[in-house]
Amino acid sequence: MADNVDDDSLYRIKEGDYVVLKRGDIFKAVQIQSTKKVIFEKQWFFLDNAVDQLYSSTFEILAGGILQPLKPKDTESSTGVSPAVK
């Protein structure tokens, strides 16, 4: 066992990881790559801000294609993009 490993570091998104985007009933698997534009459901954005977030996090897409993580209490009613491992 590693003594200095953060307990949730295994559950955090890293560059090069694959995530599943979900919007309603639509799913898409994509790889996290720095400055790569992703097009999903007629909307484009960058996944840079997903790095270091926990898997199953929910995001809002802001102007300029920037992802903004939502607070956990907002995730139940959100239709944002949600990276999750399946």
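Reader: In this model, is Glu41 buried, exposed or partly exposed, and what is its relative accessible area?

Author: The model is a predicted one, and in it Glu41 sits in the loop between β3 (37–40) and β4. Residues count as buried under 20% relative accessible area and as exposed over 50%, with partly exposed in between. Glu41 therefore counts as partly exposed, with a relative accessible area of 42%.

Reader: Which element has the highest mean pLDDT, and which stretch has a pLDDT below 50?

Author: The protein chain averages a pLDDT of 84, and 77% of the residues score at least 70. Among the elements, strand β5 (residues 59–62) has the lowest mean, 93, whereas the highest, 96, belongs to strand β2 (residues 26–31). The pLDDT is below 50 over residues 74–78, a stretch with three contacts in the model beyond near neighbours in sequence. Where pLDDT is low, the predicted coordinates should not be read in detail, and the names asked for are strand β2 for the highest mean and residues 74–78 for the pLDDT below 50.

Reader: Is Asp17 buried or exposed, and what is its relative accessible area?

Author: Asp17 belongs to the segment before β1, and, leaving aside neighbours within four places in sequence, Asp17 is in contact with Arg12, Val30, Gln31, Ile32 and Tyr55. Because buried means under 20% relative accessible area, Asp17 counts as buried, at 18%.

Reader: What is the N to O distance in the salt bridge between Lys14 and Asp17?

Author: Side chains of opposite charge can pair when their charged atoms come close. Lys14 is partly exposed at 40% relative accessibility, and its backbone nitrogen lies 2.9 Å from a polar atom of the side chain of Asp17. The side chains of Lys14 and Asp17 also meet in a salt bridge, for which the N to O distance is 3.9 Å.

Reader: How many salt bridges are there, and what is the N to O distance in the one between Arg12 and Asp8?

Author: Arg12 counts as partly exposed at 24% relative accessibility, and Asp8 is partly exposed as well, at 23%. The count comes to two salt bridges, and in the one where the side chains of Arg12 and Asp8 meet, the N to O distance is 2.9 Å.

Reader: Which residues make the nonpolar surface patch of about 350 Å²?

Author: Leu10, in the segment before β1 (18–23), counts as exposed at 67% relative accessibility. Leu54, found in the loop between β4 (43–46) and β5, is partly exposed, with a relative accessible area of 36%. The nonpolar patch of about 350 Å² is made by Leu10, Tyr11 and Leu54.

Reader: How far apart in space are Leu10 and Tyr55, C-alpha to C-alpha?

Author: In sequence, Leu10 and Tyr55 are 45 residues apart. In space, the C-alpha to C-alpha distance between Leu10 and Tyr55 is 9.5 Å.

Notes: Residues are numbered from 1 along each chain as its sequence is written. This is a predicted model: local features need pLDDT of at least 70, side-chain atom pairs count only at pLDDT 80 or more; totals for chains, interfaces and linings use all residues. Side-chain values use heavy atoms; hydrogens and water are left out. pLDDT is the predictor's confidence in each residue, from 0 to 100. Helices (H or I, at least four residues) and strands (E, at least two) are DSSP runs, numbered from the N terminus. Contact means heavy atoms within 4.5 Å. Buried means under 20% relative accessible area, exposed over 50%, partly exposed in between (1.4 Å probe, protein chains only). Patches are made of residues with over 30% relative accessible area and no salt bridge: like charges are joined within 9 Å, nonpolar side chains (Val, Leu, Ile, Met, Phe, Trp, Tyr) within 5 Å. Accessible areas come from the Shrake-Rupley method with a 1.4 Å probe; for residues, only the protein chains shown count as cover. A salt bridge is a side-chain nitrogen of Lys or Arg within 4 Å of a carboxyl oxygen of Asp or Glu. A polar contact is a pair of N or O atoms within 3.5 Å; within protein, one must be able to donate a hydrogen and the other to accept it, and residues adjacent in sequence count only if both atoms are side-chain atoms.
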